[in-house]
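I opened this entry to keep track of what I looked up, in the order I looked it up.

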Amino acid sequence: MTVRKNQAALTPEEKRAFTNALLELKRTGAYDRFVTTHNGFIMSDTDSGDRVGHRSPSFLPWHRRFLLEFEAALQKVDPTVSLPYWDWTADRTSRSSLWAADFLGGTGRARDGQVMDGPFAYATGKFNVNVRVDGRAYLRRALGEGVAELPTKAEVEAVLAMPVYDMAPWNSSSNGFRNNLEGWRGANLHNRVHVWVGGQMGTGVSPNDPVFWMHHAYVDKLWAEWQARNPKSAYLPAAGTVNVVDLHDTMRPWNDVTPADMLDHRKFYTFDTEPVPAASASQR
Amino acid sequence: MNKITRRQALGTTAGALSALGIAGATAHAAAADSRASIPTGTVDEVYQGRRIQITPATTGGGHHGGHHGGGHDGLPTVRIDGRELHVMRNADGTWISVVNHYETFADPTSLARAAVRELQGAVLAPFAPMGGTA
């Protein structure tokens with residue numbers, strides 16, 4: 001069973017295994033197909049039309065499946081790797097070890113935003129940005145420039161306390177847990193982190209920055225924490241909603257998975273903050 | 001044709017004014033003051049050296065005059081140096097683009113200017129085709 005760990009707790013060997021697997025997916029072209037898929041949904045998910053990956057209730061199950069596919073691709077390269085999560089309420093400055101040269105590299109240089117250190121710097125020749133919204137082929141960041149502060153623990157707690165998963169009109173103007181976590185309403189959690197990192201993370205091709213996966217692994221963890229705290233709250237809507245993925249509707253692009261299938265993350269992985277499931281504990 | 005000439009003239013005016021650092025507001029005023037051939041909401045300005053052109057959505061006439069293929073009827077066409085910027089309108093009336101996807105802007109002009117700042121001189125890529133295969 002895969003265990004997703006806090007990135008701050010990874011050993012140097014675990015960091016190297018993770019970044020090496022990312023570089024291998026980049027080399028084979030698999031990485032870029034994920035970026036293309038994400039941007040396709042970014043551009044087609046609309047508040048008044050069909051919406052699957054963003055600004056809709058299925059934001060959370062869609063990204064859970066998207067990350068599972070990516071994690072499976074990483075594990076084909078190296079079975080020991082899992083997706084780390086970035087708790088941005090705790091590691092909240094550009095001086096965090098997350099941004100060190102032995103992990104993701106740091107912020108971009110002033111002139112053009114180009115990330116100059118770490119395994120994903122353009123000069124290495126191993127991590128060109130191929131799926132892009134403009135002509136720039138290098139990874140860019142502007143940590144803390146688009147917005148000064150990452151969301152705080154208190155802001156997260158307030159959102160986790162919201163008892164209703166989502167509400168009509170099931171889009172970026174909705175109240176409820178999903179939209180406050182996604183960030184179109186309220187304190188703005190998920191969206192703000194994209195803007196804080198800047199560069200490609202602020203665009204539709206945000207998965208070009210490897211921190212995308214660690215950010216969404218944490219958003220995914222917050223969904224699991226919300227479920228644990230609100231055991232009587234269900235995924236909504238249940239059925240019959242136009243343009244929106246109901247509980248038992250399938251999600252594009254896979255068409256073989258529903259939000260109901262994604263509700264229990266423990267079918268697929270656990271977090272390092274959770275007890276080890278009895279089944280896998282007994283096997284050890 | 002006459003319309004294009006007039007827009008080009010506007011662009012030139014805005015370009016000259018941008019050197020004075022007052023391009024935005026002045027170009028707006030120029031567009032608003034111009035004759036009826038330029039519909040309300042049309043913008044043609046030079047901002048930080050980049051040409052921004054905004055054409056409002058056509059109303060009442062269907063969307064077969066579309067500038068691009070899919071499902072974005074009712075939206076204005078925003079171009080930066082002639083390249084189209086993918087834009088969307090949120091339910092609350094705010095705007096986002098594919099360049100600034102995770103923060104909202106009050107109107108298409110401020111959205112286009114934010115894209116210019118973000119591009120730092122880079123050229124917009126053509127729209128990516130929908131439907132990846134990952």
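The notes below cover a record annotation on one chain and then the contact between two chains. I am working from a predicted model.

Entry 1, annotation. I checked UniProt for chain A and found an unreviewed entry that lists "domain: Tyrosinase copper-binding" at residues 54-71 and 209-220. I then looked up the secondary structure of both stretches.

Entry 2, extent of the interface. How many residues does each chain bring to the contact? I counted 43 from chain A and 27 from chain B. The buried area between the two chains comes to about 2,600 Å², and carbon and sulfur atoms give 58% of that area.

I found 12 residue pairs in polar contact between chain B and chain A, counting pairs with both residues at pLDDT 80 or more. The salt-bridge rule returns two across this interface. One of them joins Arg140(A) to Glu118(B), with 2.9 Å between the closest N and O atoms.

Entry 4, the chain B side. I asked which elements of chain B supply at least two residues each to the side that touches chain A. They are strand E5 (87-89) and helix H3 (108-119). Sorted by class, this side of chain B has 14 nonpolar residues, nine polar and four charged.

Definitions and conventions
Residues are numbered from 1 along each chain as its sequence is written. Chains are lettered from A and ligands numbered from 1 in the order in which they are written. This is a predicted model: local features need pLDDT of at least 70, side-chain atom pairs count only at pLDDT 80 or more; totals for chains, interfaces and linings use all residues. Side-chain values use heavy atoms; hydrogens and water are left out. UniProt positions are given in the numbering used here, feature names are shortened, and annotations may be inferred rather than shown by experiment. Contact means heavy atoms within 4.5 Å. Buried area is the accessible area (1.4 Å probe) that two parts lose on being put together, summed over both. A salt bridge is a side-chain nitrogen of Lys or Arg within 4 Å of a carboxyl oxygen of Asp or Glu. A polar contact is a pair of N or O atoms within 3.5 Å; within protein, one must be able to donate a hydrogen and the other to accept it, and residues adjacent in sequence count only if both atoms are side-chain atoms. Ala, Val, Leu, Ile, Met, Phe, Trp, Tyr, Cys and Pro count as nonpolar, Asp, Glu, Lys and Arg as charged, and the others, Gly among them, as polar.
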